[in-house]
Amino acid sequence: MAAILLNGNDLARRLKLKMKQEVDAMKANGILPGLAVVIVGNNPASRSYVTMKERDCGEVGIRSFEYALPEETAEVDLLGLIDQLNADPNVHGILIQLPVPAHISEARVLERINPDKDADAFHPQSAGRILIGNQTFLPCTPAGVMEMLKDAGIEVAGKDCVVVGRSNIVGKPMALLLLQANGTVTVCHSKTKNLKEVCARADILVAAIGRAKMIDASYVKEGAVVIDVGINRDENGKMVGDVDFDSVVGKASFLTPVPGGVGPMTRAMLLANTLKAAGLV
Ligand code: NDP
């Protein structure tokens, strides 16, 4: 039987409707939530992400402030802008679109953001809070995945969960959130031995690798829940995930499509973090 597809577009739409009501209530109380998005340089993918984020803000009534800085911007100037945004009462969330140019330290930039305005949850304080289970903000992609599991009624407690990928923005926080939900979690990476066998034990398999269609049916247990975080281009320039959809769809019980799966949920969670930040004021 074919897997049930987890429709991220539909869930994101439902969540945004709720958030719009929340924004209206905040406005009635004199708070207009605001998100500052800073982009440095001309990376076309980053540019289109920023445009989509601003459109999302508009849909729910969040005010967005865009700062587009030239590629050659000095680190000190970017840090100065972050200080200014940290102090601006109209700005509740701050997002620095990654990657920043190579001459700028990503770590120094992320650490400069006031942790109370950390809309992407990449500040070390946000990461540490997730580790101890006392989080304010959650990184958007793993948070979006948890929302999808919850919405589909998929129980995590007691399940064998395998996360392939250990980046700070996806793999590691994903593993921690599954652990918080009482999953039994294994984290895999490029040095993992017998990756296929480890993945094939998973009740819930999350692929956050960045390798087009790498996870085929031979990595998947019959009836597993398969979450595809990957965004890649195939040989024809088409957007594909880390999961070989055609191969896996007949074996998994639930599967996220690419596009239309995790991606829209990532964007919705940015809005949720911004509202949370506005609520801290
Ligand atoms: P990174 O490149 O930072 O991390 C990739 C991870 O995959 C690393 O931990 C790496 O291992 C591991 N890996 C790479 N190759 C293999 C392999 N052959 N076998 C096992 N593990 C491997 O990527 P990100 O975490 O930032 O992103 C992962 C994917 O998710 C990308 O396609 C990205 O575009 C997408 N993405 C999608 C989002 C969405 O909203 N849907 C949001 C963010 C990312 P090691 O640590 O050993 O190098």
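The model is predicted, with local features requiring pLDDT of at least 70 and side-chain atom pairs counted only at pLDDT 80 or more, whereas totals for chains, interfaces and linings use all residues. Residues are numbered from 1 along each chain as its sequence is written, and side-chain values use heavy atoms, leaving out hydrogens and water.

Helix H1 covers residues 8–28 and has 21 residues; helices (H or I, at least four residues) and strands (E, at least two) are DSSP runs numbered from the N terminus. From first to last C-alpha, H1 reaches 30 Å, close to the 30 Å expected at 1.5 Å a residue, the expected span being 1.5 Å times one less than the number of residues. Its buried residues are Gly8, Leu11, Ala12, Leu15, Lys16, Met19, Val23 and Met26. Viewed down the axis of H1, these buried residues fall within an arc of 130° and therefore line one face of the helix, the arc being that of the directions from the helix axis to the C-beta atoms. An α-helix has 3.6 residues a turn, so residues three or four places apart point the same way. The buried residues of H1 pack against helix H2 (44–60), helix H6 (140–151) and helix H10 (262–279), where contact means heavy atoms within 4.5 Å.

At the start of H1, a side-chain oxygen of asparagine 7 comes to within 3.0 Å of the backbone nitrogen of asparagine 9. Just after H1, glycine 30 adopts a positive phi of about 85°.

Most residues other than glycine have a negative phi, and most peptide bonds are trans. Asparagine 182, in the loop between helix H7 (171–180) and strand E6 (184–188), has a positive phi near 70° and is exposed at 54% relative accessibility. Asparagine 194, in the loop between E6 and helix H8 (195–199), likewise has a positive phi, near 50°, and is exposed with a relative accessible area of 55%.

The peptide bond from leucine 98 to proline 99 is cis, with omega near 0°; proline 99 is found in the loop between strand E4 (93–96) and helix H4 (106–112). Valine 258 and proline 259 are also joined by a cis peptide bond, with omega about 0°, and proline 259 is located in the loop between strand E11 (254–255) and H10.

Technical notes:
Buried means under 20% relative accessible area, exposed over 50%, partly exposed in between (1.4 Å probe, protein chains only). A polar contact is a pair of N or O atoms within 3.5 Å; within protein, one must be able to donate a hydrogen and the other to accept it, and residues adjacent in sequence count only if both atoms are side-chain atoms.
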